[in-house]
Structures are given as C-alpha cells and as structure tokens.
Amino acid sequence: MKFNFDHEPELASVQLLEKDIEIQIDKERVSDELKKLATFSDAELPAVTRILYTPKDIEARAYLISLFEEAGLSVRVDAIGNIFARWEGENPELPAIATGSHFDALPLAGQYDGTVGILGALEAIRSLKKTGYTPKRSIEILAFTSEEPTRFKLGCVGSRMLEGSLDPKTACELTDDDGLDFDTIRKNAGFSGDLSSVKLKPGHYSYFLELHTEQGPILEEEGTDVGIVTSIAAPSTIHITLEGDGGHAGAVLMPERNDTACAGAEITLLIESLTSELGGEDTVATVGIFNNGPGAVNSIPRNTFLAVDIRDVYADRRDAILETLETRVAEICERRGVRGKCTLINKDYPAQCSDELIDKLEEQANEMGITSKRMISRAYHDCLFMAHIVPSAMLFVPCYKGYSHRPEEYASPDQIEKGVRVIAGTLRDLSKD
Ligand code: GLV
Ligand code: MN
Ligand code: MN
C-alpha cells in the first residue's frame, strides 16, 4: 500500500479540531457570574431567596438573557418563562442537545443550587466556541421556570409543563399563599402566551444533561471530582389538614381537647417510623411545613396544616408508605376527635438516566483525568421530568459539607470547573454528528 504523505498533516489537524483541542474553562468568570446572579435576591447575602415571578426573579431572568445574548446565543422564552438559549448547529433541523437547570431559590437558600447548571452550561458553550468548534447539532441551554415548590407548593413547574404531566388546566388551578392563581400571576409577570404551547413535541431534543451540585457530602468526603447520576428519586407530596374545636388554654381540661397540634405531632412521628419500617436506605420523609392556628400561646390549636414530602428511587416502596399513611392518619384523627383530610398533591415517577449518556460522561471524565463515581440523586431535579421524554443524565460536583438549601451552600471554582469541563466535552461529543 502506498501512503500519500502529503495528506498526513491535514488529517492530523482535522483530528485535532474534532477532539484534542483542550477545553479551557474560565472559572473566575463563572464564579463572578454566580456571585452576580446571587444579588438578585430578597434575602441578604450570603442567603438567597428568589421566588417565581417576583421582581427579583424577573431581574435574574434579564441578567441571564443578557449573558446568553452576549455569548451569541439566540434566546426564546415560552409562555411560562422557561428560557431557551440556542447555539445553532450546522444542521439546525436535527433535534438539539439540551442542557441546563433552574435559577429560583427557596427562602434563605444558597447561591449554587441550580445556578451552577445554567452558568456552567453557558461557560461550556463559550469554552467550545473558543476552541473553534462548530456543532452539527444545535446546543440549547434551558433555564427552567421554578424548580422549587415554594410559590405553588409544587416543584418543577417549568419542566413538568415541558414534559406534559402538568397540563394547562391543572396549572391554572395552582394558587399561591395569597390565593392568587398561577395564570394571573404569570400574566402579571409578563408571560402571556398560550399555555398549551409549552409542552414539548416528542423528539424535540436528542439528549438532556443537567449539571448540579451534589447537595450531599459523598463526593467531598471521598475526594471524588464528579458524580454521574444513574437514577433520580421521585417525590410525593401530601397535604394534611386537621381541624379541631380549639378553646381556652387554661379553661379546657386535657380530656376535653381535640388539639390539632398534638395530632399533627403524632402524625409527624408516625411518618418517621413508617419510613424506617417500610422504606429502605434511600427512602426519606420530611414534614417540611407544620403550621398551627390560630397561633396564640393561650389558645388551643384548632387548625393544623402539614406538608409532607416522601421520596424514593423505588416508586412501589414509597407508595406502600403513602397507602399506609392515609389509614393510620384516619385512626389518629378518630382517636383524638380531630377532623382530618389527606390530599395527594403529586406522586412522581423516579427516573433512570440514559446508559449511553452515563457511559459518555464517564468516558469524558476518564479522558480528562477527572475522577468520577456513579451515584443516585436523592434530591429531585428538572432532569427527573426531562428524563421521561428524552435520554437524560446528570453530573454532580461536590459541595462544601454537602450543604444545600441553606446560605452556607458552596462549591469551589475548581470543583465547578471540572464539572463544566466534562459537560463541555460531552456536549462536543454529542453534537458532532
Ligand atoms: C429540590 O430542590 C428538591 O427538593 O429535591
Ligand atoms: Mn433545591
Ligand atoms: Mn436544584
């Protein structure tokens, strides 16, 4: 066989463009942008509170859009405010690769939950552009509307509607604590399109990747650079309302009372014990809201509201707890003479991440000398809903002591840089044909 040596240098430079040009992440820039985004908050730094459709949420949106536009991405916003920032590929008709996360923050939370996945995705695209790479398939950043359940007591409103399990009629029935409905609030915030246009058509995207902080301590404790998520636990939310007769805290003797706070306390402990009896290592349950009325030290509680969150990676195991819970709550209420009602708000399905993407993320990390481990996500994410309609995966970066949903949440620029580099390499690999 005769080699044509004239062609060899050309071949080598093609190979270099395809794969070997080093991806350089500007970690200071990501860090500065995370800090700036954190200033759009109703709480004082380092805490962040950014609730859906409030003025701070709107300001954060404008900031993100300005960064996307500066990076040369074309921006679209849907009827509920999900933001899509697109790097158009050479074959725009091919389903794009999506990547992103959320930018809302629950009350007195931190600066990294969700935001790392948006600003990290942006930096991944900027770093790929810098190498001279042009994707065949478009790459789109998704900044999801409201992953946290704060305003409407339902998490992942944006990704639920994109996936379709939250339909427009049910969305319009959601109300916030002031009794305002979802539709009115979103319109007042300037989002007025047709709600039925939000759901994505089948095959709209080819893949979805979400970069996120681990929100747990494992990676940091083990000194592992990134976590590759294999499955995502699914939450269920139950609201329990209890009604009693209340009365004077001094005058009503103990046997005469039907104190709803006591019933609520018994139910809370029941939830804890049912979870260890019926659940496994990955089953968790939380009574995150426990409000008593009328709320005076000398008045017996006569209204109690509990919001309960029960999660597992196995839906059957979680659902066994749910079924038992309702019967046992009824027994407690009957014994205590309290009128009780359990309402199931959501019962979501766990997600399996795509084996293909898990392998690709692992391969990228190995090639870059970045250590990784496979793990499950006990927290839920927009990826939970995206995974139901498109092959999806998540990449975790370590965070300080595993802290999340609190102001001390922190991931270092070096930790974030490694995650962004793996995402960038994987996006390049997925978008090249
Ligand atoms: C999301 O923030 C969750 O509660 O898992
Ligand atoms: Mn969160
Ligand atoms: Mn999050």
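The following dialogue explains how to read selected features of a predicted model.

Biologist: Which residues coordinate the manganese ion (ligand 2)?

Modeller: Donors are N, O and S atoms within 2.8 Å of the metal (3.2 Å for Na, K and Ca); because water is not among the atoms, sites may look incomplete. Here the manganese ion (ligand 2) is coordinated by Asp 113 through OD, Glu 148 through OE and His 405 through NE2, at 2.0 to 2.1 Å. Along the sequence, these donor residues have the spacing D-x34-E-x256-H.

Biologist: Where in the chain do Glu 148 and His 405 lie?

Modeller: Helices (H or I, at least four residues) and strands (E, at least two) are DSSP runs, numbered from the N terminus. Glu 148 is in the loop between strand S6 (139–144) and helix H5 (157–163), and His 405 is in the loop between strand S15 (392–397) and helix H13 (413–431). The pair, 257 residues apart, links distant parts of the chain.

Biologist: Which residues coordinate the manganese ion (ligand 3)?

Modeller: The manganese ion (ligand 3) is coordinated by His 102 (NE2), Asp 113 (OD) and His 212 (NE2), at 2.0 to 2.2 Å. The spacing of these donors along the chain is H-x10-D-x98-H. His 102 belongs to strand S4 (residues 96–102), and Asp 113 to the loop between S5 and H4, 11 residues apart. His 102 is buried at a relative accessible area of 0%, and Asp 113 also counts as buried, at 7% relative accessibility.

Biologist: What is the distance between the manganese ion (ligand 2) and the manganese ion (ligand 3), and which residue coordinates both?

Modeller: The two ions are 3.6 Å apart, and Asp 113 coordinates both.

Biologist: Which residues surround ligand 1?

Modeller: A residue is near a molecule or strand if one of its heavy atoms lies within 4 Å of it. Around ligand 1 stand Glu 147, Glu 148, Arg 311, Ala 379, Tyr 380 and His 405.

Biologist: What are the distances from the side chains of Glu 147, Glu 148 and Arg 311 to an oxygen atom of ligand 1?

Modeller: A polar contact is a pair of N or O atoms within 3.5 Å; within protein, one must be able to donate a hydrogen and the other to accept it, and residues adjacent in sequence count only if both atoms are side-chain atoms. The distance to an oxygen atom of ligand 1 is 3.5 Å from a polar side-chain atom of Glu 147, 3.1 Å from an N or O atom in the side chain of Glu 148, and 2.7 Å from a polar side-chain atom of Arg 311.

Biologist: Where is Gln 111, and which backbone oxygen does its side chain reach?

Modeller: Gln 111 is placed in the loop between strand S5 (105–109) and helix H4 (115–130). Gln 111 counts as buried, at 15% relative accessibility. The side chain of Gln 111 reaches the backbone oxygen of Pro 46 at 3.4 Å.

Biologist: Which peptide bonds are cis, and which residues have a positive phi?

Modeller: Most residues other than glycine have a negative phi, and most peptide bonds are trans. In this model, the peptide bond from Leu 45 to Pro 46 is cis, with omega near 10°, and Pro 46 lies in the loop between helix H2 (27–38) and strand S1 (48–50). The bond from Gly 293 to Pro 294 is also cis, with omega near 5°, and Pro 294 lies in the loop between strand S10 (284–293) and strand S11 (303–312). Lys 153 has a positive phi near 60° and is placed in the loop between S6 and H5. His 405, although not a glycine, has a positive phi of about 60°.

Conventions
Residues are numbered from 1 along each chain as its sequence is written. Chains are lettered from A and ligands numbered from 1 in the order in which they are written. This is a predicted model: local features need pLDDT of at least 70, side-chain atom pairs count only at pLDDT 80 or more; totals for chains, interfaces and linings use all residues. Side-chain values use heavy atoms; hydrogens and water are left out. Buried means under 20% relative accessible area, exposed over 50%, partly exposed in between (1.4 Å probe, protein chains only).
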